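Biologist: I would like to go through this structure with you, starting with the terms and then turning to the details.

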Amino acid sequence: MIKRIEKFGAVWCGPCKMLDRTLEQMSASGKLEGIEVIKYDVDEYEELAEEKKIRNVPVLIYYNENNEEINRTIGAVNAVKIQEIINS
């Protein structure tokens, strides 16, 4: 079960902005209920991005209730794909 999603992006990244809108819409419609979404700008959190091996943006990292990474998507994935991962 997904408990947290970390989103790595940048203010200058067009696909990151699209992904932000997708996450906001999903949150507003209740599809992310019970899931903490944390957004990191790779320019502000360079060390964390390096530690997480972020090479491209945007990236979503999905964590379970044991704080273990269970999936990772790269690019402006759509709500259907995010929902599939949450439901898997």
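This is a predicted model: local features need pLDDT of at least 70, side-chain atom pairs count only at pLDDT 80 or more; totals for chains, interfaces and linings use all residues.

Biologist: Understood. Where is Lys53 found?

Modeller: Lys53 sits in the loop between α2 and β3.

Biologist: What is the phi of Lys53?

Modeller: Its phi is positive, about 60 degrees, although Lys53 is not a glycine. As background, most residues other than glycine have a negative phi, and most peptide bonds are trans.

Biologist: Is Lys53 buried or exposed?

Modeller: Lys53 counts as exposed, because its relative accessibility is 57% and the cut-off for exposed is over 50%.

Biologist: Which other residue has a positive phi near 65 degrees?

Modeller: That is Asn67, again a residue other than glycine. Asn67 lies in the loop between β3 and β4, and with a relative accessible area of 48% it is partly exposed.

Biologist: And which residues are joined by a cis peptide bond?

Modeller: Val57 and Pro58 are, with omega at about 0 degrees. Pro58 belongs to the loop between α2 and β3.

Biologist: Which residues does Ile74 contact, neighbours within four places in sequence aside?

Modeller: Ile74 is in contact with Asn56, Pro58 and Val59. Ile74 itself is placed in strand β4, residues 69-74, and is exposed, with a relative accessible area of 57%.

Biologist: How many Å apart in space are Ile74 and Val42?

Modeller: They are 14 Å apart, C-alpha to C-alpha, and 32 residues apart in sequence.

Biologist: Let us change topic. How many salt bridges does a search of the whole structure find?

Modeller: The search finds 6 salt bridges.

Biologist: Which residue forms a salt bridge with Arg4?

Modeller: Glu6 does, and the closest N and O atoms are 3.3 Å apart. Both Glu6 and Arg4 are buried.

Biologist: Which side chain meets Glu6 in a salt bridge of 3.5 Å?

Modeller: The side chain of Lys52 does, with that distance taken N to O. This pair links distant parts of the chain, 46 residues apart: Glu6 is in strand β1 (residues 2-9), and Lys52 is in the loop between α2 and β3.

Biologist: Why does Glu6 count as buried?

Modeller: Glu6 counts as buried because its relative accessibility is 5%, and buried means under 20%. Lys52 is buried as well, with a relative accessible area of 17%.

Biologist: What does the side chain of Lys39 meet in a salt bridge?

Modeller: Lys39 pairs with Asp20, at 3.5 Å from N to O. Since Lys39 lies in strand β2 (residues 36-41) and Asp20 in helix α1, the pair ties together parts that are 19 residues apart in sequence. Salt bridges with shared partners also join Lys7, Asp20, Glu24 and Lys39 into one network.

Biologist: Helix α1 also holds Thr22. Is Thr22 buried or exposed?

Modeller: Thr22 is buried, with a relative accessible area of 16%. Apart from its neighbours within four places in sequence, Thr22 is in contact with Val77, Asn78, Ala79 and Ile82.

Biologist: One last topic, the surface. Which residues form a negative surface patch?

Modeller: The patch is formed by Asp43, Glu44, Glu46, Glu47, Glu50 and Glu51. One of them, Glu46, lies in helix α2, residues 46-51, and is exposed, with a relative accessible area of 57%.

How values were computed: Residues are numbered from 1 along each chain as its sequence is written. Side-chain values use heavy atoms; hydrogens and water are left out. Patches are made of residues with over 30% relative accessible area and no salt bridge: like charges are joined within 9 Å, nonpolar side chains (Val, Leu, Ile, Met, Phe, Trp, Tyr) within 5 Å. Accessible areas come from the Shrake-Rupley method with a 1.4 Å probe; for residues, only the protein chains shown count as cover. A salt bridge is a side-chain nitrogen of Lys or Arg within 4 Å of a carboxyl oxygen of Asp or Glu. Lys and Arg count as positive and Asp and Glu as negative; His and the chain ends are not counted. The place of a charge is taken as NZ of Lys, CZ of Arg, CG of Asp or CD of Glu. Helices (H or I, at least four residues) and strands (E, at least two) are DSSP runs, numbered from the N terminus. Buried means under 20% relative accessible area, exposed over 50%, partly exposed in between (1.4 Å probe, protein chains only). Contact means heavy atoms within 4.5 Å.
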